Amino acid sequence: MPRPFHLRRPWHAAFLAVLVASVAACTRDDRRIVEVGAGVALDRRTGLEWTSHDLEQSLSWEEADSQCRGRATENGREWRLPALGELEALYDPLVDAPCGERRCHLDPAIRLGGPYVWTVSTRGPGTRFYFDFAYGNSFSPGTGPLLVRRVLCVRLGPKS
């Protein structure tokens, strides 16, 4: 017959307190990225709003830039392509989420059809960075019309 668990030692009580606190923390809504509207997700840490999914297809950089700038403005907050650092801040090596036929390290509140996402950042004329959510790398090749990547748009959140 198994012996019952007793809090005989001081560390037993401390362990039990940590366990209870951990379970309570899991029940709170302390997610970093939350959906705040149709197709819009808020990053609570940075205060930026993101499109919660990319477009159905990959686009050239010019088409991607045009898609973001063409989205409806809300209270003076305009959509744009993100800077490289903004995408890097979304990368989370602890997350392993579906990403088209691959896997990405990105909060599942934002869904991608592929790991490569355009940025507005440049290394010089004729180049643009894109970010790889599968491995956390960035690349800055020439932006010829045949190079296509996924598109996420970003804007300042309502209180930023």
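Okay everyone, which residues of strand β2 point one way, and which point the other way? Val 40 and Leu 42 point one way, Ala 41 and Asp 43 the other, and all of them are buried. Buried here means under 20% relative accessible area, exposed is over 50%, and partly exposed is in between, using a 1.4 Å probe and protein chains only. As background, side chains in a regular strand alternate between the two faces of the sheet.

Before I go on, a word on what we're looking at. This is a predicted model, with residues numbered from 1 along each chain as its sequence is written. Local features need pLDDT of at least 70 and side-chain atom pairs count only at pLDDT 80 or more, while totals for chains, interfaces and linings use all residues, and side-chain values use heavy atoms, with hydrogens and water left out.

So, the overall picture. The protein has 3 helices and 9 strands, and along the sequence they go α-β-β-β-α-α-β-β-β-β-β-β. Of the 160 residues, 39% are buried.

Back to β2, residues 40-43. On one side, β2 pairs with β1 (residues 33-37) in the antiparallel sense, over 4 bridges. Pairing means that DSSP finds at least two bridges between the strands. Glu 35 has Ala 41 as its bridge partner. The two strands make a hairpin with 2 residues between them, and Gly 39 in that turn has a positive phi of about 75°.

β2 also pairs with β3 (residues 48-51), again antiparallel and over 4 bridges. Here Ala 41 stands opposite Trp 50. This hairpin has 4 residues between the strands, and Gly 47 takes a positive phi near 80°.

Next, the disulfides. How many does a search of the whole structure find? There are 2, where a disulfide is a pair of cysteine sulfur atoms within 2.5 Å. One joins Cys 68 and Cys 153, with the sulfur atoms 2.1 Å apart. Cys 68 sits in helix α2 (residues 61-69) and Cys 153 in the loop between β8 and β9 (154-156), so the pair ties together parts that are 85 residues apart in sequence. Both Cys 68 and Cys 153 are buried.

If you count bonded cysteines along the chain, the pattern is 1-4, 2-3.

Now another sheet: an open one of 3 strands, in the order β6-β7-β8, with antiparallel pairing. The edge strands are β6 and β8 (137-139), each pairing on one side only. Between β6 and β7 there are 3 bridges, and Trp 118 stands opposite Tyr 130 in β7.

Last stop: Val 120, in the loop between β6 (116-118) and β7 (130-132). Leaving aside neighbours within four places in sequence, Val 120 is in contact with Trp 61, Leu 81, Pro 82, Ala 83 and Arg 128, where contact means heavy atoms within 4.5 Å. Take Trp 61: Val 120 and Trp 61 are 59 residues apart in sequence, yet 8.7 Å apart in space, C-alpha to C-alpha.
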